[in-house]
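Student: I am new to this structure. Could you take one part of it and look at it closely with me?

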Amino acid sequence: MGGEGGFPIGGEGGLLELRGWVLAGHWFGYGVTASPDGPRRVVILTRRPLTRPPGVGWVALLREATGWTEPDRCGVDWAATEAALCTALPGDYKDMVDAFGAGGFDEYLDLLVPGALGMDLVSWGQDMARYADLYRPYPVHPAPGGVLQWGASEQELSFHWLTGPADPDDWPVLVQYVGGEWQRFDCGTGEFVLRLLTDRTSPFAFPPSAGPFPHWFASRELPEC
């Protein structure tokens with residue numbers, strides 16, 4: 001197959017050889033088919049659909065997408081963090097921080113992580129009220145329905161939760177662009193980050209998903225237990 005939907009490559013005489021590889025969100029293939037004029041070489045490139053097998057979490061898929069093989073960190077005191085922010089936090093965000101620690105994905109999305117130098121989730125969250133005008137029309141946490149930032153980017157956009165009385169695992173993600181516009185994504189943090197890296201379909205289609213290249217996580221270490 002090839003392209004988004006695929007096309008037959010067997011030729012009139014059939015497929016003689018086919019080898020394939022996975023790279024990030026793509027399948028690459030090299031093959032030889034039979035034709036009236038002799039063997040014909042073909043190169044295949046097709047997107048690999050983003051699916052989540054039953055029982056596999058989004059953070060596990062993020063590990064696979066980024067080739068992350070480091071052991072989980074345990075340097076965050078989540079009870080103290082949630083007490084300082086006066087709210088529980090989404091479980092997949094905590095799982096992601098425990099798995100990756102402080103750092104950023106594809107030099108595009110940097111995580112705010114409790115205790116991370118310059119990127120401390122608690123400090124940023126507690127300072128947001130000082131700059132409340134920047135987040136209009138939303139209030140800022142801990143106001144009811146307030147936004148709470150969990151990620152930043154040098155690409156002039158930032159990543160937030162829309163907090164509320166619901167289970168934090170049900171909080172949607174809000175992206176704010178440099179002009180002040182907001183875009184809502186009705187998914188959890190782990191799913192959002194994976195789709196930001198790999199999903200080219202609307203409403204995602206962020207720059208990291210555009211090309212057939214591997215994704216990565218650049219670590220800034222947290223203390224380990």
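Tutor: Start with glutamate 191 and arginine 195. Both sit in helix H5, four residues apart, about one turn of the helix. The model is a predicted one. In it, glutamate 191 and arginine 195 form a salt bridge, with 2.9 Å between the closest N and O atoms.

Glutamate 191 has 18%, so glutamate 191 counts as buried. Arginine 195 has 17%, so arginine 195 is buried too.

Now take the whole helix. H5 is mostly covered, with 10 of its 10 residues buried. Among them are Thr189, Gly190, Val193, Leu194 and Thr198.

Phenylalanine 192 deserves a stop. Its relative accessible area is 0%, so phenylalanine 192 is buried. Its ring pairs with the ring of phenylalanine 204. The centres are 6.2 Å apart and the planes stand at 50°, so the pair is tilted. Phenylalanine 192 lies in helix H5 (residues 189–198), while phenylalanine 204 lies in the loop between H5 and E10, so the pair ties together parts that are 12 residues apart in sequence.

Phe192 and Phe204 belong to a cluster linked by ring pairs. Other members include Trp78, Tyr93, Trp150 and Phe206.

Step back to the wider count. The model holds 18 aromatic pairs. One of them joins phenylalanine 100 and phenylalanine 217. This pair is tilted, at 5.0 Å centre to centre, with 55° between the planes. Phenylalanine 100 is in helix H3 (residues 91–100) and phenylalanine 217 is in strand E10 (residues 217–220), so the pair links distant parts of the chain, 117 residues apart. Phenylalanine 100 is buried at 0% relative accessibility. Phenylalanine 217 is buried at 8%.

Salt bridges number seven. Arginine 130 is exposed at 60% relative accessibility, and aspartate 127 is partly exposed at 33%.

Terms used. Residues are numbered from 1 along each chain as its sequence is written. This is a predicted model: local features need pLDDT of at least 70, side-chain atom pairs count only at pLDDT 80 or more; totals for chains, interfaces and linings use all residues. Side-chain values use heavy atoms; hydrogens and water are left out. Rings of Phe, Tyr and Trp (its six-membered ring) pair if their centres lie within 6.5 Å; planes under 30 degrees apart count as stacked, over 60 as edge-to-face and the rest as tilted. Helices (H or I, at least four residues) and strands (E, at least two) are DSSP runs, numbered from the N terminus. Buried means under 20% relative accessible area, exposed over 50%, partly exposed in between (1.4 Å probe, protein chains only). A salt bridge is a side-chain nitrogen of Lys or Arg within 4 Å of a carboxyl oxygen of Asp or Glu.
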